Amino acid sequence: MDKYQRILRQYWGHDDFRGIQRDIIESIDQGRDTLGLMPTGGGKSVTFQVPALLHDGVCIVVTPLIALMKDQVAHLRQKGILASAIYSGMTYQEILTTLENCVLGHVKILYVSPERLSSEIFQTKLRHMEVSFITVDEAHCISQWGYDFRPSYLEIKQIRDIKPDAAVLALTATATPEVTADIQRQLAFREENVFRMSFERKNLAYVVRKTTDKYGELIHILQALPGCAIVYVRSRKRAKDLAQYITDQGISATFYHAGLDPEVKDERQQLWQDDRARVMVATNAFGMGIDKPDVRLVIHIDLPDSIEAYFQEAGRGGRDGKKSYAVLLYNESDHRKLTKRISDTYPEKDYLREVYDHLSYFFEVGVGSGAGCLFEFDIDKFCRLFKHFPIQVDSALTLLDRCGYIEYDVTPDTSSRVLFLLNREELYRLEQVSADEEKVITALLRNYGGLFVDYCHISERRIAKQSDMTQEQLYEILKGLSRRHIIDFIPRRQMPTVTYAQRREDGENLIIPPSVYEDRKTQYIARIEAMIAYATDDNRCRSRQLLHYFGEESDHDCGQCDVCVSHRKDHLSEQSTRPAREQLLSLLSDGRRHHLQEILNLHLPTDQMKSAMTTLLSEEVIMAEGGFVVLRKP
């Protein structure tokens, strides 16, 4: 075993790498800027985690997926790997503690959300860190041509300026050729260096099923095909309602979306992981970092608004290499719904200015003030007060975020965090601690390590259960311990937040550049048109359509998608009716009229003869007149 395999076996228990993992690891290990294109399930995380353990210093991983970074930090710590994370919603003290641990060499892998990169404290501490290399996950977010462009990703350039000797590893599962080139340009690659894994999934059959009854078709598919399934929907309400509908049909199901409490998310994910719930009905909040290998079905009730999103979600099926299905349910109303998303996602510029002004009235922020202020945002109350619709408001705030006027966090960190302010000896000598407080302290120490050096996310439900009290009682005890400076307790936050990134302007003075609005709207329309084209093109192999979109040409059809199966049936039908066609043409070659019954009495199956007649009539080779059939004259 070489050094890479030893690390892989020691921490992950595998003997060798898959696909292009080793190529990427060797490239970044040599200090070369590297871009890895790996489809969902290709094992991206190993490509930076293994080399991070081989080098001195900290590997900085930039990712927008807060839930994923929390999971990965937890998994790495379980393996004995020093890992931490910094993201929106953390307090100044939390961030400072984490960064100082990095400077002191107590962190090997640091996950950072992109919006934290430009903060003064991060950049100050970064200058004192030893950085092994920089990993940019979901790297398509840095490209304005990418389907999920995030302006905060452009701040990565500042890290390169501060740490010019640190190589960059960029990773993505969805990049067109245009985006691939732009990623390398935006990250200032010293040389072009791309490793591509084929996006072809030979065990995954792509199917588009046209139906006016999506729920009925969904149940039919679930009953016809066994195994674990994910059903993707667009809205949280639909996720809940559809899960109940599936359950009512005698199929075990649960649902998942970003608005659920962390403990509930964990419980439902575990139900599904353990096969106690066969079907997970979810919004696109579910799936990142999910490594369940035996998903046999991924069904989309609603059309995603891009091929990239669809490919990533569908790719969660069949990671064990066994036959699986990605089914897209489609009807004519989907075209109208997707088209409406354009105006919902890109409302008029004057509407953006109006929402910005109303936001300032809502928070009572005057012109010229508010910079750096964070507010919890009750979108329902806001919409009632100013007579807006939530979908358009959400889109307007997202665009204002991209313009740099605000930071809009739809899913802020929702789990509580605790840090012990006393050391262990001071804690043991503590007097005047009630029995309930002692139970809580004991439960915290039993369940979470590192509470004396870093903030830890805690499950209030678990601690309350182990302490034999309600969550309300636990909350009061944690607040009491915090008031006595025994712990620093940060309660969970469930409401979206708005932070003024700069001082408030008058709405009419807002500058909404083409790079944020017109250019992005044009690209959005193109992606929607590509999605509709995929759903309605019944002539080209589905797999080849998807591969072509990502710049990969295939010289063969997949043979298993609905288009390929349909073509094969047509071909078999033509072969099976050929003898009947030849006999019929032979009989009619005398130029005379022959009665229909005479033709049906030929020594061939009646269905084959009828099929041959239907084809010849449609081709206008023969014609029927009053119960007789005759060969049409040239």
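Reader: Which strands form the open sheet, and in what order?
Author: In this predicted model, the open sheet has three strands in the order β14-β19-β15, with antiparallel pairing. Strands pair if DSSP finds at least two bridges between them; strands (E, at least two residues) and helices (H or I, at least four) are DSSP runs numbered from the N terminus.

Reader: Which are the edge strands?
Author: β14 (374-376) and β15 (406-409), each pairing on one side only.

Reader: How many bridges join β14 to β19?
Author: Three, with β19 covering residues 497-500. Leu-374 has Thr-499 of β19 as its bridge partner.

Reader: Helices now. At what angle do α15 and α16 pack?
Author: About 110°, with the axes of α15 (residues 379-386) and α16 (residues 390-403) 10 Å apart. Axes are lines fitted to C-alpha atoms, for helices over the stretch in contact, and angles run from 0 to 180 degrees between N-to-C directions. That makes α15 roughly perpendicular to α16, a class that spans 65 to 115 degrees.

Reader: Which residues make the contact?
Author: Ile-379, Phe-382 and Cys-383 of α15 meet Pro-390, Val-393 and Asp-394 of α16; contact means heavy atoms within 4.5 Å.

Reader: What confidence cut-offs apply?
Author: Local features need pLDDT of at least 70 and side-chain atom pairs count only at pLDDT 80 or more, while totals for chains, interfaces and linings use all residues. Residues are numbered from 1 along each chain as its sequence is written, and side-chain values use heavy atoms, without hydrogens and water.

Technical notes: Angles under 35 degrees count as roughly parallel, over 145 as roughly antiparallel, 65 to 115 as roughly perpendicular and the rest as oblique.
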